[in-house]
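Please examine the chain displayed here and work through the exercises that accompany it.

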Amino acid sequence: MFSKEESKSLRQEFWISFGKSYPRKWILYNTKIKGLNLKFHFDVKKAMVSMAVEGNLAQRIEIWEKLLSLRSILKDVYFPEAIFEDCYVLENKKEISIIYIEKQGVSIHNKNTWKETMEFLNEKMASLEAFFVEYREIIQP
């Protein structure tokens, strides 16, 4: 079991190490589409790369329907394992729509899993960004 401070320190160490191992400017929150973000996530059980659709319901539905129209392309060309959830509830109880790819069996508290997690995050986010850049004009409301 790790204290809050130890856990925070490990998280910081991981993300600093990830940034040094894969130094590039990720799109993430800079999609230029309000309510659409690309995200990294790594906790004690899994790592995840996602495209999250947030905002008011009408805006979410509009973007989500466009993403659903691209579903077969995303799954055939970029991520056969992509999971689409139109109603995903975050820990803070906020409801979003999300497309994600996850890797189970890794933990931010276990440094032995960091290398494979970094490779996973880098590879999957690079592919997700490639999809986004290719289809941005279609996704845009």
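Two exercises with worked solutions follow. This is a predicted model, in which local features need pLDDT of at least 70, side-chain atom pairs count only at pLDDT 80 or more, and totals for chains, interfaces and linings use all residues. Residues are numbered from 1 along each chain as its sequence is written, and side-chain values use heavy atoms, with hydrogens and water left out.

**Exercise 1.** Describe the secondary structure and the burial of the chain.

*Solution.* Begin with the elements: the chain has 4 helices and 4 strands (DSSP runs, H or I of at least four residues for helices and E of at least two for strands, numbered from the N terminus). Next, their order along the sequence is α-β-β-α-α-β-β-α. Finally, 43% of the 141 residues are buried, meaning under 20% relative accessible area with a 1.4 Å probe, protein chains only.

**Exercise 2.** Determine how helices H3 and H4 pack.

*Solution.* Step one is the geometry: H3 (residues 71-78) and H4 (residues 114-139) pack at about 140°, and their axes lie 11 Å apart. Axes are lines fitted to C-alpha atoms over the stretch in contact, and angles run from 0 to 180 degrees between N-to-C directions. Step two classifies the angle: H3 and H4 are therefore oblique to each other, since angles under 35 degrees count as roughly parallel, over 145 as roughly antiparallel, 65 to 115 as roughly perpendicular and the rest as oblique. Step three lists the residues in contact (heavy atoms within 4.5 Å): H3 contributes Ile73, Leu74 and Tyr78, while H4 contributes Ser127, Ala130, Phe131, Glu134 and Tyr135.

Terms used
Buried means under 20% relative accessible area, exposed over 50%, partly exposed in between (1.4 Å probe, protein chains only).
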